Amino acid sequence: FEYVAHLEVFPEIPKLEFSDLKIDKPICEVTESDVDDMIRTLQEQRGDWEEVERKAKAGDRVRLGYVAQVDGERVPDVGQHEIAPIVGKLESFPDLEKILKGAKAGDTLSKKLTFPENYRTAALAGKKVACEIEIKSVEEAKLPEVTAEFANEFGIEGGVDQLRADVRKNLEREMRNTVTQKVKDRVTEGLLERFGDLPLPKSSIQQEAREMQYQLQQRMTRPGQDAPPPPPVEQFMEGAEKRLRLGLLMGELAKQNEIKIDQDRVQAKLEEFAQTYEKPEEMIKMYRADSNAMDQIENIVLEEQVLDLVLENAKVTEKSVKFKELMES
């Protein structure tokens, strides 16, 4: 008995050279001003708003209603859309920001506004339209004092000094994660551009696409409800090919350079994750008891070790950026 089998296989990958890759790496430091800004945000979360009889200034909340005209149609059909933006925090909506500065309750205006691309009302998103605007009230924030009692509201014992220390620690963790992600994005873009023509088995791409489809469906499913139908698997094919190729390249870089998972870094990463919970020691035990969770952490660590290798050998240009600029870019 004789037969011929046709099998799809992954390509033979040559030696991956990356010493001439050009990578921009942001360098950042958390300052006392950044800590102050975060504590101000915490104060705002616990603050109250009081109506004032004056013109609006930075930091005030302005309640307004508006009606827009889009292609001859009234939006909304009846009544007004009501919003309450804060003056000084409308970077994505500069036209409205200009109107709110100096506005006062009772003002009515007729203006053309260019709405943000991601505006919540789809009929207005990204469009420049005529609007009738009514300023309903101007409100001033009344913030609580930063005291030991204020810190206790966030579960922090040790007073204001401990609050500032914890805030700094959290900001520094966010900073490190953001820098790592941005460097990873630039490294992977360079690798995909260089090795993007490696052929991949179609069956593997389809399998990856189905997995992405399933993951999205799980995220869309609410507790106690049936899973909604997911988008067609074809919509995931491009992303699946990119993710599969990147995983192949990262794994091959680790293999070719004999990178072994650093268990000390695994423990450090585990402790970092656990610190975001109220009882870190219990979370570490839970992670250790879950093989899937530990596999995910080890994969993250291995990926970071590969990134470190690339950065050590590539042409890296460091650029100093402020914390706020880093987080918003």
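**Note on cavities, pockets and helix packing**

1. The largest cavity has a volume of about 40 Å³. The model in which it is found is a predicted one. A search of the whole structure returns one cavity of 30 Å³ or more.

2. The largest cavity is lined by Leu64, Tyr66, Ile83, Phe93, Leu96, Leu113, Phe115, Tyr119 and Ile133. Sorted by class, this lining comprises nine nonpolar residues, with no polar and no charged ones.

3. Open space is a separate matter. The largest pocket holds about 760 Å³. Its lining consists of 20 residues, and those nearest the pocket centre are Lys184, Gln296, Asn299, Ile300 and Glu303. By class, the lining of the largest pocket divides into seven nonpolar, seven polar and six charged residues.

4. Which helices supply at least two residues each to the lining of the largest pocket? They are H4, H6, H7 (263–274) and H9. The largest share comes from H9, which provides eight residues.

5. The axes of H6 (residues 237–256) and H9 (residues 291–313) come within 10 Å and cross at roughly 70°. H6 and H9 are therefore roughly perpendicular to each other, as angles of 65 to 115 degrees fall in that class. On the H6 side the contact is made by Met250, Leu253 and Ala254, and on the H9 side by Leu302, Glu303, Val306, Leu307 and Val310. The residues of this contact are seven nonpolar, no polar and one charged. Glu303 of H9, which takes part in the contact with H6, is also one of the residues nearest the centre of the largest pocket.

6. H4 contributes Thr188, Leu191, Leu192 and Phe195, while H6 contributes Lys242, Arg245, Leu246, Leu249, Met250 and Leu253. The contact of H4 with H6 divides into seven nonpolar residues, one polar and two charged.

7. H1 (residues 32–46) packs against H4 at an angle of about 105°, with the two axes 10 Å apart. H1 and H4 are therefore roughly perpendicular to each other. From H1, the residues Glu32, Asp34, Val35, Asp36, Met38, Ile39 and Leu42 meet Leu163, Arg164, Val167, Arg168 and Leu171 of H4. The class count for the contact of H1 with H4 is seven nonpolar, no polar and five charged. Among the charged residues are Glu32, Asp34 and Asp36 on H1, and Arg164 and Arg168 on H4.

8. Lastly, the overall dimensions. The chain has ten helices and eight strands. Its radius of gyration is 26 Å, whereas a compact globule of 329 residues would have a value near 20 Å. Along the principal axes, the C-alpha atoms fill a box of roughly 90 × 60 × 50 Å.

Key: Residues are numbered from 1 along each chain as its sequence is written. This is a predicted model: local features need pLDDT of at least 70, side-chain atom pairs count only at pLDDT 80 or more; totals for chains, interfaces and linings use all residues. Side-chain values use heavy atoms; hydrogens and water are left out. Axes are lines fitted to C-alpha atoms, for helices over the stretch in contact, and angles run from 0 to 180 degrees between N-to-C directions. Helices (H or I, at least four residues) and strands (E, at least two) are DSSP runs, numbered from the N terminus. Angles under 35 degrees count as roughly parallel, over 145 as roughly antiparallel, 65 to 115 as roughly perpendicular and the rest as oblique. Contact means heavy atoms within 4.5 Å. On a 1 Å grid over the protein atoms alone, a cavity is a set of points where a 1.4 Å probe fits but cannot get out, and a pocket is an open set with protein on both sides within 12 Å along at least five of seven lines; lining residues have an atom within 4 Å of a point. Grid points are joined across faces, edges and corners, and a volume is the space filled by probe spheres set on the points. The radius of gyration is taken over C-alpha atoms; the globule rule is 2.2 Å times the number of residues to the power 0.38.
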